[in-house]
Amino acid sequence: MISLFKDVCERRELLWILVARNLKIRYKNSALGFFWTLLSPLFMILIYATFASILKWNSGKPDYLQFLIIGLVIWQFLMMCLGDSLNTITGSSNLVKKTAFPRVILPLAMTVANLINFLLTSVILVLYLIIMRISFSNLGWLPVIVLTHFALCLGMGLIVSTTNVFFKDTEHLLGVGTLAWFFLSPVFYSISLQLDRLPDSLDWAAFLNPMTGIICAYRVCLMSDTSPGRGMIAVSFVMAWLVLALGLLLFQHLQRRFAEEL
Amino acid sequence: MSDEKVVKVSGVGKRFRLRPGGTRTLKSAVLGWMGGGKSHELWALRDVNFSVARGETLGIIGANGAGKSTLLALLTGTMEPTEGSISVAGSVSSLLELGAGFHPDLTGRENVFLYGAIMGLSRAQMRERFDAIVDFAGLSDFIDQPVKHYSSGMYVRLGFAVAVEVNPEVLLIDEVLAVGDVPFQKKCMDRMTEFRQQGKTMLVVSHDLSVIQKMSDRIMLLDEGRVTGLGDPGDVIGSYRASAGQRAAQSMEKEWGTGQVKITGVEFRDEAGNTVDSFECGGTLSARISYEASQKIDDPVFGFALADSAGNTLYGSNTQLEGVDIAAIEGTGSLMLNLSDLYLAAGSYLFSFSVHSADHKTNYHRLDNAFGIACRTDKNAAGSCCFPCSWDTTGT
């Protein structure tokens, strides 16, 4: 694991070039190009604001819209990584088959590119929250939350990109899986909805889903939402880093066979 | 060239598992685990041992599927050997497929830096080389265009320029010279000659035997994943041509006749009387033809024909045409065919032998295209013949 870290550090030039490539290609051939990074969250906020008010989704929460949008932006980062990871290895088959470099740089570059995208989107989100006069709290925890969120996305990216090399069913399974995951995570509903249905002694089970704790933690920071408790959030954070560890193990174990399978 | 070994390959084998039905799906994997799906193994390489000294150029030849590309992939490090070990001292740049890894949506400039980063060069190092790369590729007007707008020739030129300019310690070249137009091929050849003079270590795979013979210090012949020859370029290529000739012979071989006389064997010899199947251009070939006649045959005629590897007859003659009378044969015996001044171009050739009646009405035994030989020469001339030639330029 340490040698892997050293390898990546040595090849950071390649990492940055691949990150830049991923970002460039996403907006290549579109007239507004890079502005889409800022425009798409803006449109998303507008669309949800309109429909949430028409459909009366607010379920008694006065700040429901902010609550929903924070959840969606956070979910978006994971979604983008999962979608891109299908192509991370298989879409670079030329590179993988013909050249030698630490393979882990490919999913890493994909996740870093999406992280940059996520952070830029967050600028819009934070501006919106300021305009809506939302009170922030505990912003000091934010870097830890973002890093854990990143670890989860990278871990999932490693798992999906590896699996897709060997099983072509991955794409279909992923579609179903993400949909289920989305509804299992408190993106558009409050975590209390899950906790109310669980006996108190089993509350921690809801936080085995790493996204649950991550979304709750962001909301505690960004809109002073009621915290489910540090211990609960810690369960999710540990799960997120375990996903990364599992992803790295799986990826490193199978990457030597990539060139043959592609 | 020094004694220091830059590339060491010992006991290397590479096994592929071939699955029926192509790509793997969850269903096929589950069936596989349950023992239902059968996959069979293929050893693309087995027991490969060799080393390459610093500054040496090793040519690798062999038929399609002999394992050449697998070997280069193992040396590049994109695949790992199933058994044995490979060590390469220093950086490896491969011209496995020119422009491999270029992204169509990125510009030439961006792709050059991407390739440099893959090869482990820093941006500063690449900036130093950038002008030389663009200059060599002759693409200064197009370098900021996305490479998807490039013609295939431009693509290949940029690929070659980058791969050689990253200045690797070991350069792997796979069938690169088969692409590009003639001036570009010449440019590539010149650059590779320069590389040799600078003492670079190269491994070259090619089907163009005359080019690879000129470029290489040694040649390795692979056959179905095993090393069947390693040494002097002339010798290895000669024996490769002979075996290729024999293979071609097998596919075009035809045996027929009434069987009253049978040609039981043919043995080829050189001037010195050694049994060989590879001859120097302009040399002498003797073929001892053994036969067996089950009954007494009067006035038999023995004939031969020499064809190129495609089966086109180049020359043929027989005892009748040469005025040699054989009154009668019975039982076993042999006769000798002598061909002097064998002015054949480098390549593989096929011999046919026959024995028939004097009126050509009865064919006792014919072996068409049954015997392969090879010819070797340093001269890379066109056609199947290779006459000695000289030019008088006093009038120019």
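The contact between the chains takes 27 residues from chain B and 23 residues from chain A, where contact means C-beta atoms, placed from the backbone, within 7 Å. This is a predicted model, in which local features need pLDDT of at least 70, side-chain atom pairs count only at pLDDT 80 or more, and totals for chains, interfaces and linings use all residues. Residues are numbered from 1 along each chain as its sequence is written, and chains are lettered from A in the order in which they are written.

Within chain A, helix 4 (residues 64-88) packs against helix 6 (residues 105-131) at an angle of about 160°, with axes 10 Å apart. Helix 4 of chain A is therefore roughly antiparallel to helix 6 of chain A (angles over 145 degrees count as such). Residues of helix 4 of chain A that meet helix 6 of chain A include A:I70, A:F77 and A:D84.

The largest nonpolar core has 133 residues, with A:A109 and B:L75 among those with the most contacts inside it. Such a core is a set of buried Ala, Val, Leu, Ile, Met, Phe, Trp, Tyr and Cys residues joined through C-beta atoms within 7 Å; buried means 20 or more other C-beta atoms within 10 Å of the residue's own. A second, separate core of 29 residues includes B:F268 and B:L337.

Conventions. A residue is buried if 20 or more other C-beta atoms lie within 10 Å of its own, exposed if 12 or fewer, and partly exposed in between; C-beta atoms are placed from the backbone. Two residues are in contact if their C-beta atoms, placed from the backbone, lie within 7 Å. Axes are lines fitted to C-alpha atoms, for helices over the stretch in contact, and angles run from 0 to 180 degrees between N-to-C directions. Helices (H or I, at least four residues) and strands (E, at least two) are DSSP runs, numbered from the N terminus. Angles under 35 degrees count as roughly parallel, over 145 as roughly antiparallel, 65 to 115 as roughly perpendicular and the rest as oblique.
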